[in-house]
Amino acid sequence: MAHRLTSASVRAMSKRLVILGGGTGGTLLANRLRRHLDADALRIDVVDRDDAHVYQPGLLFVPFGLADPAEIVRPRRKQLHRGITFHETAIETVSLPEQRVRLENGTSLDYDVLVVATGARLLPEETEGMLGDGWGESVFTFYDLAGATKLRDALAHFEGGRLVVNVVDMPIKCPVAPIEFAFLADWYFRERGIRDDVELSLATPLDGCFTKPIASKHLSYLLEEKNIRVDVEFAAGEIDGANGVLRSYDQREIAFDLLATIPLHGGAAYIDRSDGLGDSLGFIPADLATLQTTAAANVFAIGDATDLPTSKAGSVTHFEGEVLSANIERFLAGRDLAARFDGHANCFIETGFKKALLIDFNYDHEPVPGRFPTSAGPLPLLRESRINHLGKLMFQWLYWHVLLPGREMPLVGPEMPRAGKRTPAAV
């Protein structure tokens, strides 16, 4: 690519890049830069509190016995290329004036360039009653591995009643996952022959089932077809696990026998302790196009950690990584940032019965029907198909062997493709 810089062009600087977070964004970014710049040009340190890299799209499948928890977790350090130093410790704080990261193990790392890639964390304690009576018994989340595994066991013993899927508030990781969960639950109970004994409901704070109107219309039709109730503009304020009641701030109530909830999300805890780094939710304000933060010129952010108005999803992180690696190379060489991120997001949505649909959009263009990645396909947009389901399953292999190692994804670049899309006249 024309904007790529050679290792020789930055070798004399011997700079240090510290990446906070060894998840999708931190790992693929470190690997991409290591592939382009040798250790004489750039030292790369990655910090994370543990050594367990979870393939997060797989969490959706665990409750239904469609994925083995052991198969979606691998060591973080083994995903990093040789020449990248991994620090297994929590982060205490970041000092922007000192350009220093203090770690919980008592050490510190000075940096020339810092990347925040610590994602989003679940905050179940922020919703009254969520961690009270019923937590782990009738109230679960599938947004972490422990919760998804416990929910698998609960579903296996569930013989009937009301199952409610609830999103407490936005933003959340993978905004389509709650809808996918409802679709897969419908399939799961039909396979078990007890669907007529189960009432399925989705409660969301949005005014539709999804944030984008055209996609929301398509998904709402499928939800209605599968007899899944949708309660919109439901801002969950309290969970009464003892009595099986989900209560909104305006005092609406939804009874449940089993609740799959998506807790409030926020940024990593150290961000609140680091003056000037994040916003009130702990997310990192960043330029929509370059991913350079407002905190300092030598601080960048990627993935779920940012405040960007696009989905907190793995595909977004992948596309950001291609842009950000190029911009960091330019920054190190003292050149203007050039690569531009357009908000590109690409998501497979499982609808059950070994089918899925695909959406592709960016900051300016919402999901529309058509074909992907070109006008010839092969993947249909906003339409259920088996090939989309196979695409979602195949992505796990691509994740471990192409995306994380920092290789180019065939036919799929960071810029949203325009070809093959049919935008309705009203839009």
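Visitor: Which residues of α7 are buried?
Guide: This is a predicted model. In α7, the buried residues are Asn388, His389, Gly391, Lys392, Leu398, Tyr399, Trp400, Val402 and Leu403.

Visitor: And where is the kink in that helix centred?
Guide: The kink is centred on tryptophan 397 and amounts to about 35 degrees. Helix α7 itself covers residues 386-403.

Visitor: What caps the N-terminal end of α7?
Guide: Serine 385 does. One of its side-chain oxygens lies 3.2 Å from the backbone nitrogen of asparagine 388, and Asn388 is among the buried residues of the helix.

Visitor: Let us change topic to the sheet. In what order do the five strands of the open sheet run?
Guide: The order is β11-β18-β12-β13-β14, with parallel pairing. The edge strands are β11, residues 139-140, and β14, each of which pairs on one side only.

Visitor: How many bridges join β13 and β14?
Guide: β13 and β14 pair over four bridges, in the parallel sense. For example, leucine 200 has isoleucine 228 of β14 as its bridge partner.

Visitor: Which helix lies across β12, β13, β14 and β18?
Guide: That is α3, which runs at about 175 degrees to β13. α3 also belongs to what covers the buried residues of α4.

Visitor: Which residues of α4 are buried, then?
Guide: They are Ile214, Ala215, Ser216, Leu219, Leu222 and Leu223. Besides α3, their cover includes the strands β13, β14, β21 and β22.

Visitor: How many residues does α4 have, and what follows the helix?
Guide: Helix α4 has 13 residues, 213-225, and reaches 18 Å from its first C-alpha to its last, close to the 18 Å expected. The helix is followed by asparagine 227, whose phi is positive, near 60 degrees.

Visitor: One more residue: where is asparagine 298 found?
Guide: Asparagine 298 is in the loop between α5 and β20.

Visitor: Why does asparagine 298 count as buried?
Guide: Asparagine 298 counts as buried because its relative accessible area is 10%, and the cut-off for buried is under 20%.

Visitor: What is asparagine 298 in contact with, beyond its neighbours within four places in sequence?
Guide: Asparagine 298 is in contact with Gln99, Tyr111, Asp112, Val113, Leu114 and Phe331. As for aspartate 112, its backbone oxygen lies 2.9 Å from a polar atom of the asparagine 298 side chain.

Note on methods: Residues numbered from 1 in each chain as written. Predicted model: local features only at pLDDT ≥ 70, side-chain atom pairs only at ≥ 80, totals over all residues. Heavy atoms only, no water. Helix = DSSP H or I, 4+ residues; strand = E, 2+ residues; numbered from the N terminus. Expected span 1.5 Å × (residues − 1). Buried < 20%, exposed > 50% of the residue type's maximum accessible area, 1.4 Å probe, protein only. Contact = heavy atoms within 4.5 Å. Bend = angle between axes of the 7 residues up to and from the residue. Polar contact = N/O pair within 3.5 Å; in protein donor to acceptor, adjacent residues only side chain to side chain. Pairing = 2+ DSSP bridges. Axes fitted to C-alpha atoms, helices over the stretch in contact; angles between N-to-C directions.
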